Amino acid sequence: YELGLLERVSSEAVTSIIQSKIEHYIIHTCKEEFESSFIGPLEKCILSWLKGKVVGWLNLVFRGELPQQRLLSNSTKVSLVQWKDRLQYFLYQTYANLRIEELFNIIVESKESVPALEDLKNCLEKTDQRNQLMSSLKTALETRLLHPGANTADILTQYISSIRALCVLDPASVISL
């Protein structure tokens with residue numbers, strides 16, 4: 001700690017632990033639930049968790065300061081803000097990854113899944129995972145829809161639903177199949 005190496009040495013392990021907790025919580029809370037918006041409640045819950053438990057722990061790990069010490073140095077405050085920003089980005093990225101994996105199912109339930117699409121849209125604005133989304137959607141359409149046993153009416157219905165979903169995700173039509 002006195003040499004200033006503690007954060008450099010342990011930050012990757014600490015990040016991994018916190019990220020796995022966030023990922024587990026998001027998957028446990030949101031998986032296959034498309035009818036409600038989750039981003040707002042997730043932000044509140046995870047930011048509350050970060051402020052309540054993680055910040056004090058990070059402060060102890062990286063700065064050697066006990067959580068009950070109320071006066072934080074400026075470098076500690078800057079470091080903790082950076083951690084909060086990094087973990088908030090991870091929240092959006094993890095949520096977007098989950099919804100991208102589920103996008104075909106979201107499109108199938110198009111009328112009921114608008115909140116999930118709106119959340120995904122917000123996450124995409126913050127993480128810029130549009131290429132990942134399009135690649136995943138293209139693969140899902142090819143493997144789950146475009147095969148010899150698929151009914152033509154089902155294919156057309158699914159394509160129409162896909163276009164509607166893309167209009168919600170990208171009203172400016174920047175994304176293209």
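Is Asp128 buried or exposed? Asp128 is exposed, because its relative accessible area is 55% and the cut-off for exposed is over 50%. I will come back to that residue after the overall picture. Please keep in mind that this is a predicted model.

First, the fold. The protein chain contains seven helices and zero strands. Read from the N terminus, the order of elements is α-α-α-α-α-α-α. The chain has 177 residues, and 38% of them count as buried. The exposed surface comes to about 10,700 Å², with carbon and sulfur atoms supplying 54% of that area. If we take contacts between residues at least 6 apart in sequence, 75% of them join residues at least 24 apart.

Next, the salt bridges. How many are there by the rule used here? The count is two.

One of the two pairs Arg99 with Glu102, and the closest N and O atoms are 2.6 Å apart. Both of these residues are buried. Arg99 sits in helix α3, which covers residues 74-101. Its relative accessibility is 0%, so Arg99 falls in the buried class. What does Arg99 touch, once neighbours within four places in sequence are left aside? The contacts are Cys30, Glu32, Glu33, Phe34, Phe38, Ile106, Ala116 and Leu120.

Glu32, on that contact list, deserves a separate word. Glu32 lies in the loop between α1 (6-30) and α2 (39-63). Its phi is positive, about 60 degrees, although Glu32 is not a glycine. With a relative accessible area of 56%, Glu32 is exposed, whereas Arg99, which it contacts, is buried.

Helix α3 also holds Thr94. Thr94 counts as buried because its relative accessibility is 6%, and buried means under 20%. Not counting residues up to four places away in sequence, Thr94 is in contact with Glu23 and Ile26.

Now the second salt bridge, and back to Asp128. Arg130 pairs with Asp128, with the closest N and O atoms 3.2 Å apart. Arg130 has a relative accessibility of 26%, so this residue is classed as partly exposed. Where does Asp128 sit? Asp128 is in the loop between α5 (114-127) and α6. Like Glu32, which has a positive phi without being a glycine, Asp128 has a positive phi, near 55 degrees.

That brings us to the helix pair α6 and α7. In general, two packed helices are described by the angle between their axes and the distance between the axes. Helix α6 covers residues 130-144 and helix α7 covers residues 152-169; they pack at an angle of about 170 degrees, with axes 13 Å apart. Why are α6 and α7 called roughly antiparallel? Their angle is about 170 degrees, and angles over 145 count as roughly antiparallel, so that is the term for this pair. On the α6 side, the contact is made by Leu133, Met134, Leu137 and Leu141. On the α7 side, Gln158, Tyr159, Ser162, Leu166 and Leu169 take part. By class, this contact has seven nonpolar residues, two polar ones and no charged ones.

Definitions and conventions:
Residues numbered from 1 in each chain as written. Predicted model: local features only at pLDDT ≥ 70, side-chain atom pairs only at ≥ 80, totals over all residues. Heavy atoms only, no water. Salt bridge = Lys/Arg side-chain N within 4 Å of Asp/Glu carboxyl O. Buried < 20%, exposed > 50% of the residue type's maximum accessible area, 1.4 Å probe, protein only. Helix = DSSP H or I, 4+ residues; strand = E, 2+ residues; numbered from the N terminus. Contact = heavy atoms within 4.5 Å. Areas by Shrake-Rupley, 256 points an atom, 1.4 Å probe, with all protein chains shown as cover. Axes fitted to C-alpha atoms, helices over the stretch in contact; angles between N-to-C directions. Parallel < 35°, antiparallel > 145°, perpendicular 65-115°, else oblique. Nonpolar A, V, L, I, M, F, W, Y, C, P; charged D, E, K, R; others polar.
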